[in-house]
Amino acid sequence: MSKLTNKTSISLLALALILSSCATTNKMTMGVLEPAPVYMPKDIHNIGIIDRSLPSDENTELDKLDKVLSAEGKNLDKEGAHRAILGLSDKLGKNQNFNEVKIIENANLRSPGSGVFPASLSWETVQQICDENDVDALYVLSYYDTDSKVDYKIVQKKIKNPLGIEISVPEHHATIFTHLKTGWRVYDVKDKLILDEYNVNQNITSTGKGINPVKALGAVAGRKEAVLENSNTIGYNYGARILPRSVRVSRDYFIKGTDKLETANRRAIAGQWDSAAELWNEEVSNSDNKIAGRACYNMAIINEINGNLDEAIEWAQKAYTDYEIKEAISYIKILRYRKENNRLLASQN
């Protein structure tokens, strides 16, 4: 390393340390429970699952052409759709709110194919299927489609012959890019509502190489299993859309201004949040408005951590209205959003 490069590295490190030491806030993360993306009414106890993804008769030839052009394996879409249905059934079957989850095989429904949402089912059709199978709601795989493209090339590979002399030989490389597309709907027959309309897309890359094209393509034999496995996972994950989910959120809190704020930061880093809050509470009456405002803001943080959202909102409002802490404006909105989410969570339990 040259002296110039070495000096540059030292200067950048020193600058980073200066910026770090000058930062007025630190970041923390915490888990937050959010409402389910899809609300499932409590009076729904029996679930039916239908695969509508098979193409209708008038679209069959077009669908066959699409399969040839995209180098899809025989019956891959049919098998993949079935695995997606099984994944969904597995997930819903673990939900204690449901008495029964059944896969309905004889619905004889079709779609336009080619990865597009068909028109929604008529409520007469939904009612008939639900009555015949004694279910309260229908999960429908409305479409399932795999588009594939093959990238093929020959590269020169260096190997040693029996005499130990390095020579170049051609090596065939094949890569198959598969774009997996699924579309789902959930029908509530009692209230005549489509509870959810959702699509999930996923890209799968499979590669292989060999001494000739046949060997190269043979090496990507695992592509089909990858598509089926991903299809199963898509169905399983879709079944979780009616469940609350835990997410990580980040918050900034103030760490500079007085010795107490700096000590409180060290306690917070060590996980001693209540102990840190004792010092923040002592600073809310500081004669310096900036310090008092920062302490009020931090008191909002500790109240959110402890689940006291009303108190958190009050502290954040005080930080802004009394001490003009601008960061509190957006934080108040976040807290109100969380409070509304908690109301939705309560209604879903």
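**Exercise 1.** Determine what share of the contacts with a separation of 6 or more links residues 24 or more positions apart.

*Solution.* A contact requires heavy atoms within 4.5 Å. Among contacts in the protein with a separation of 6 or more, 74% join residues 24 or more positions apart. The model is predicted: local features need pLDDT of at least 70, side-chain atom pairs count only at pLDDT 80 or more, and totals for chains, interfaces and linings use all residues. Residues are numbered from 1 along each chain as its sequence is written, and side-chain values use heavy atoms, with hydrogens and water left out.

**Exercise 2.** Classify Ser 89 as buried or exposed, and list its contacts beyond four places in sequence.

*Solution.* Step 1: Ser 89 belongs to helix H3, residues 76-93; helices are DSSP runs of H or I with at least four residues, strands are runs of E with at least two, and both are numbered from the N terminus. Step 2: buried means under 20% relative accessible area, exposed over 50%, and partly exposed in between, using a 1.4 Å probe and protein chains only. Step 3: the relative accessible area of Ser 89 is 18%, so Ser 89 is buried. Step 4: setting aside neighbours within four places in sequence, Ser 89 touches Ile 49, Val 101 and Ile 103.

**Exercise 3.** Assign Tyr 152 to its strand and to an accessibility class.

*Solution.* Step 1: Tyr 152 is part of strand E4, residues 137-160. Step 2: its relative accessibility is 36%, and therefore Tyr 152 counts as partly exposed.

**Exercise 4.** State how many disulfides there are.

*Solution.* The criterion is a pair of cysteine sulfur atoms within 2.5 Å. Applying this criterion gives 0 disulfides.
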